[in-house]
Amino acid sequence: MDLPAPPTNYPKKLSSIILCRRRPDARAARRPEAINKCASQRRAQPIVSSPRASAHDHHHHHSLLQPPGRDRDRVVARSSAVVAPPLPPPLLLPEMPSPTIRRLDVASPVPADIDIANSVEPLPIADIAAELGLRPEHYDLYGKYKAKVLLSVLDELKGQQDGYYVVVGGITPTPLGEGKSTTTVGLCQALGAFLDKKVMTCLRQPSQGPTFGIKGGAAGGGYSQVIPMDEFNLHLTGDIHAITAANNLLAAAIDTRIFHENSQSDKALFNRLCPPNKEGKRRFADVMLSRLMKLGISKTDPNELTPDEVRRFARLDIDPESITWRRVMDVNDRFLRKITIGQGPEEKGMVRETGFDISVASEIMAVLALTTSLADMRERLGRMVIGNSKSGEPITADDLGVGGALTVLMKDAIHPTLMQTLEGTPVLVHAGPFANIAHGNSSIVADKISLKLVGKGGFVVTEAGFGADIGTEKFMDIKCRYSGLVPQCAIIVATIRALKMHGGGPDVVAGKPLDHAYVSENVALVEAGCVNLAKHISNTRSYGVNVVVAINKFASDTEAEMNAVRNAAMAAGAFDAVVCTHHAHGGKGAVDLGLAVQRACESQTEPLKFLYPLESSIKEKIESIAKFYGASGVEYSEQAEKQIEMYTKQGFSNLPICMAKTQYSFSHVPSMKGTPTDFVLPIRDVRASIGAGFIYPLVGTMSTMPGLPTRPCFYEIDVDTATGKVMGLS
């Protein structure tokens, strides 16, 4: 995409500082002992700059902006020889820039994402870790360019002050997406590579469903990407595979338990659950003790149980009609939405209907994103409810005896993965729930680690999925409740394209050329669509945070259209509204956004305000969110009423609400654009993720297993068999 030059209205002294930096010897800077001392040694020093640098000085500056030890011809990211304007002596320079920072030579038109990513050889991830102050014992390497940061880092850094906390949401998107991930990465490149701030990007791991389906990957785009892009978008460090395995182990345990209970007496079942060892002694497995406690049985010797206690302990008596746990896979497969199981001859007629969800919709993914420690994850996995007994009691994973095994499968997945951007700033990748069917945010542990690593004055930028009505709302009302973290700034990403759609423009359809209305100036259409942006600003401001609008500029957008968006944003109460060209120019194209975010964070004074108190009833909380969307009321199906009554009776009514709703409208109808009002929000069912810690109502016809389009992304994806490089990822 051929975009205009990046904004140049950031302070001239900033560009002077960028171009006149002096680095120590790169190899010395990379030594762990040098890097571990760098934070304390970086001091502002008076520098007298002459109008003209010597040839030796120029060569020293130019070469040290390269990735250390890399062949310059192999990378796109290298510095340009630019003569700096003279600096008035003396000048206090900021902290010495990171030796991992790269400079990008951008091409126009912008090459394909995968081509840009493949042209930049990443630095060894150990270098990125060392620059953060991490020692080798703080992380486990997964190849040369990825590492798992261990949660033990939090214990060492508990006395460190947190940095600023920024969440990136968006307006109601088109099916093409409006660039939240790209903006998140571009902002962090601006903060770290151009504004000399310690910064960490926190992103979700992409699901292979969209990657091979209709939307593509989620590494960012253009010159604002996470690399290696192919590894980021595919298997990464196997976290989603671990979730898939754990989820399906629990599904197998449910049906197996029903099978064995249907075919055995109480005594036979108990004898197999607590078999005698070679000495004839029985024992309860540790996980069984929690079930005994739940039943009010204090005995720890299996031989002491009465026949009634044996029956209560051994027989879960699961009601098949109540089972909510489904199998998962990380592929869009519409034909698995509803299946029939138990048709084999050995299952003795135990046929029932169930189905598959996509892996990122699993409650185990939500547990991973909301957990705070290994012990907390073990507890959450064990208390996940899979259905009810025939008497109406909730049945948990620990009742089935599988909570410990699930934790074993997830024990490595709990550690976030360290990667890097094109410009060498650090990224933590963790969890990947969709915001339309889950809570849509990366993990609490990744954010907490990042806030400690950047420290006071640093920035952590985390992304919330889809529009701010679902992603940012769930960030505030679910994630921040459990983490205790308070954001200082919320970004809303907007595009002229999406605003024109909300103003009454033709449908935007993935895979089809854009209508002429989207590639020619139409200020009136933009202004009409700004009602959607204004609603998102108003909603987000209600949490007590400063809101900055990032206008993601496309080549066909005009100055008049962007001015219309900025004026509407400021009138709606935004702290600032900034035009960004980070897709075409990397961090340099988001410097204005970085400065606006810094000002917004520094001026934040209000406390965080939640949308509803947890003490409210399930219906009151649902109706608070519906009002937040603009609905005039809520309509509950008979099934939803029944579930709400049951969850209230079971003691789960004090949990937050996670609405499963379309991302394409404030309402439940994707075609209702702009800011619809006077609609009644239909709740067709209500389910519970007790382990993760929320109730999730299903709004309208939401599907938890996406389907593939006629021409999926996988048509373009292949491998260069000569080089082994991946081609066609987007």
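User: Is Leu-514 buried, partly exposed or exposed?
Analyst: In this predicted model, Leu-514 is found in the loop between helix 20 (496–502) and helix 21 (523–541). The relative accessible area of Leu-514 is 34%, and since buried means under 20% and exposed means over 50%, Leu-514 is partly exposed.

User: Which residues form a nonpolar patch on the surface with Leu-514?
Analyst: The patch that includes Leu-514 has about 210 Å² of accessible area, counted for its members together. Besides Leu-514, the residues that form this nonpolar patch are Leu-176 and Val-519.

User: How many of the 13 residues of helix 19 are buried?
Analyst: Helix 19 spans residues 471–483 and is mostly covered. Of the 13 residues in helix 19, the number buried is eleven.

User: Which residue forms a salt bridge with Asp-477?
Analyst: Asp-477 is buried, with a relative accessible area of 0%. The closest N and O atoms of the pair are 3.8 Å apart, and the partner of Asp-477 is Arg-481.

User: How many residues apart in sequence are the parts that Lys-479 and Asp-447 tie together?
Analyst: The side chains of Lys-479 and Asp-447 meet in a salt bridge, at 2.6 Å from N to O. Because Lys-479 lies in helix 19 whereas Asp-447 lies in helix 18 (residues 444–454), the pair ties together parts whose separation in sequence is 32 residues.

User: Are Lys-411 and Asp-412 buried, partly exposed or exposed?
Analyst: The side chains of Asp-412 and Lys-411 meet in a salt bridge, with 3.4 Å from N to O. The relative accessibility of Asp-412 is 38%, so Asp-412 counts as partly exposed. Lys-411 has a relative accessibility of 42%, so Lys-411 likewise counts as partly exposed.

User: Are helix 8 and helix 24 roughly parallel or roughly perpendicular to each other?
Analyst: The axes of helix 8 (residues 180–194) and helix 24 (residues 591–602) come within 8 Å of each other. Where they meet, residues of helix 8 including Leu-187 and Phe-194 are in contact with residues of helix 24, among them Val-591 and Val-597. The axes cross at roughly 80 degrees, and helix 8 and helix 24 are therefore roughly perpendicular.

Methods:
Residues numbered from 1 in each chain as written. Predicted model: local features only at pLDDT ≥ 70, side-chain atom pairs only at ≥ 80, totals over all residues. Heavy atoms only, no water. Patch = residues over 30% accessible without salt bridge, like charges linked within 9 Å, V, L, I, M, F, W, Y side chains within 5 Å. Areas by Shrake-Rupley, 256 points an atom, 1.4 Å probe, with all protein chains shown as cover. Salt bridge = Lys/Arg side-chain N within 4 Å of Asp/Glu carboxyl O. Helix = DSSP H or I, 4+ residues; strand = E, 2+ residues; numbered from the N terminus. Buried < 20%, exposed > 50% of the residue type's maximum accessible area, 1.4 Å probe, protein only. Axes fitted to C-alpha atoms, helices over the stretch in contact; angles between N-to-C directions. Parallel < 35°, antiparallel > 145°, perpendicular 65-115°, else oblique. Contact = heavy atoms within 4.5 Å.
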